[in-house]
Amino acid sequence: MRSYTLIAPAKINLYLEIISDRPDGYHELAMILQSIELADEIHLQPLSNEKICVNCNHPQVPTNESNLAYRAAALMATQFPQALAKYGGVEITIRKHIPVAAGLAGGSTNAAAVLMGIDLLWDLGLTKSELEELGATLGSDVPFCVAGGTVIATGRGEQLSPLPSLDHTYMVLAKYRSLEVSTAWAYKTYRQEFSSSYLRDTENLAARAAAVHSEEIVKAILKKDPRKIAEKLHNDLERVVLPAYPQVLQLRELFASQEGVLGTMMSGSGPTVFALVESEQQAQAVKLQMRTAIPDENLELFVTRTITHGIQMAQST
């Protein structure tokens, strides 16, 4: 049987607005999600038995049932038991390049790659929409990681509407290796502090539309204008994360002071902060300036760029 290696890109949020509570306990969101070139490699090898096995080169990544990639394989086994019986289980090897617990959807993109890889291994012939629907049961970011590119995400993040893709917009990412921010904590704290501003009449479509303020950044994306996009970056979760995590605030303020930076923001619930620039040369210069200002080995810095796709196959053997 064949084996497959897939490239699983990270994502950043260009926009994150919290609109209201949802009956399911999540938040109603309006987000703009963007795939970036920084990516993990996921290798899927068929097994002669019906087991699921996960390996990873990063010591912080679990290889048991708590790993989202494992859960993606288990979901496929549950959904398609006849294919499991026919083709056998799968060994998943994750080669991490995306920093762990970073707000960059590293776990979600690994899961999306496993869904797509098992679809190939078991010759299921699923459509991208079907894979996105399966992914939504695993986590809010998984459908986007299947789709990739540039999208508006609504609902709890699983309802996707594509935008014209941004390509070759460069950026620098900064994340303290040992620093983690709980996504559940960030949203819970935001609810505690700012729920009085939530939209109450969630059934009124006009009110819902008026509550969303992403129009200006969408216009900038349609025009593919990096400067205007950078001006309109927005993330509601910064209101709770930055006061509680001074290291994240420090990165954001330091990026903002660097020559050549068009705009800077925390991605998702953090703790990664990114800075948009106009060229790869400027990105490398900003990375060097950040490293000089913070010569801490605990600080990870990456130069990357926007891309137009989600999961892609690297090779099959």
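Thr109 is buried, at a relative accessible area of 0%; buried stands for under 20% relative accessible area, exposed for over 50% and partly exposed for values in between, with a 1.4 Å probe and protein chains only. The residue belongs to helix H3, where helices (H or I, at least four residues) and strands (E, at least two) are DSSP runs numbered from the N terminus. A polar atom of the Thr109 side chain lies 2.8 Å from the backbone oxygen of Pro9. Apart from neighbours within four places in sequence, Thr109 is in contact with Ala8, Pro9, Ile98, Cys145 and Ile311, contact being heavy atoms within 4.5 Å.

The model is predicted: local features need pLDDT of at least 70 and side-chain atom pairs count only at pLDDT 80 or more, while totals for chains, interfaces and linings use all residues. Residues are numbered from 1 along each chain as its sequence is written, and side-chain values use heavy atoms, with hydrogens and water left out. The mean pLDDT of the protein is 92, and 95% of its residues reach 70 or more; pLDDT is the predictor's confidence in each residue, from 0 to 100. Over residues 205–209 pLDDT stays under 50, and the model has five contacts beyond four places in sequence for this segment.

**Annotated binding site**

In an unreviewed UniProt entry, the annotation "binding site" covers Pro99, Val100, Ala101, Ala102, Gly103, Leu104, Ala105, Gly106, Gly107, Ser108 and Thr109. From this set, Pro99, Val100, Ala101, Ala102, Gly103, Leu104, Ala105, Gly106, Gly107 and Ser108 are in the lining of the largest pocket. On a 1 Å grid over the protein atoms alone, a pocket is an open set of points with protein on both sides within 12 Å along at least five of seven lines, a cavity is a set where a 1.4 Å probe fits but cannot get out, and lining residues have an atom within 4 Å of a point. UniProt positions follow the numbering used here, feature names are shortened, and annotations may be inferred rather than shown by experiment.

Leu104 sits in the loop between strand S4 (90–95) and helix H3 (106–121). Leu104 counts as buried because its relative accessibility is 1%. Its contacts, leaving aside neighbours within four places in sequence, include Lys11, Leu38, Leu173 and Thr272.

**Annotated active site**

The "active site" annotation of the unreviewed UniProt entry covers Lys11 and Asp141. These residues span 131 residues in sequence, yet no two of their C-alpha atoms are more than 9.0 Å apart, so they gather at one spot. Lys11 and Asp141 are also included in the lining of the largest pocket.

Lys11 is located in strand S1 and is buried, with a relative accessible area of 3%. Beyond four places in sequence, Lys11 has contacts that include Gly103, Leu104, Ala105, Asp141 and Ser267. Asp141 is in the loop between helix H4 (128–136) and helix H5 (142–147). Not counting residues up to four places away in sequence, Asp141 touches Lys11, Ala105 and Ser108.

**Further polar side chains**

The table lists side-chain polar contacts, that is, pairs of N or O atoms within 3.5 Å; within protein, one must be able to donate a hydrogen and the other to accept it, and residues adjacent in sequence count only if both atoms are side-chain atoms.

| Side chain | Partner | Distance |
|---|---|---|
| Thr5 | His43 side chain | 2.8 Å |
| Lys11 | Asn13 side chain | 2.5 Å |

Thr5 lies in strand S1 (residues 4–21) and is buried at 10% relative accessible area. Asn67 is in the loop between strand S3 (52–56) and helix H1 (68–79), and is buried at 6%. Contacts of Asn67 beyond four places in sequence are with Val54, Val61, Pro62 and Ile94.

**Domain and strand pairing**

UniProt (unreviewed entry) places "domain: GHMP kinase N-terminal" at residues 67–149. Over this range the chain is 60% helix and 7% strand, with the end C-alpha atoms 25 Å apart.

Strand S7 (residues 170–176) and S11 pair in the antiparallel sense over seven bridges; two strands pair if DSSP finds at least two bridges between them. Ala174 has Leu301 in S11 as its bridge partner. Six of the seven residues of S11 (residues 299–305) are buried, so this strand is largely enclosed by the rest of the structure.

S9 pairs with strand S10 (residues 273–276) in the antiparallel sense over four bridges. Gly263 stands opposite Leu276 in S10. The hairpin of S9 and S10 has six residues between the strands, and Gly268 takes a positive phi near 55° in it.
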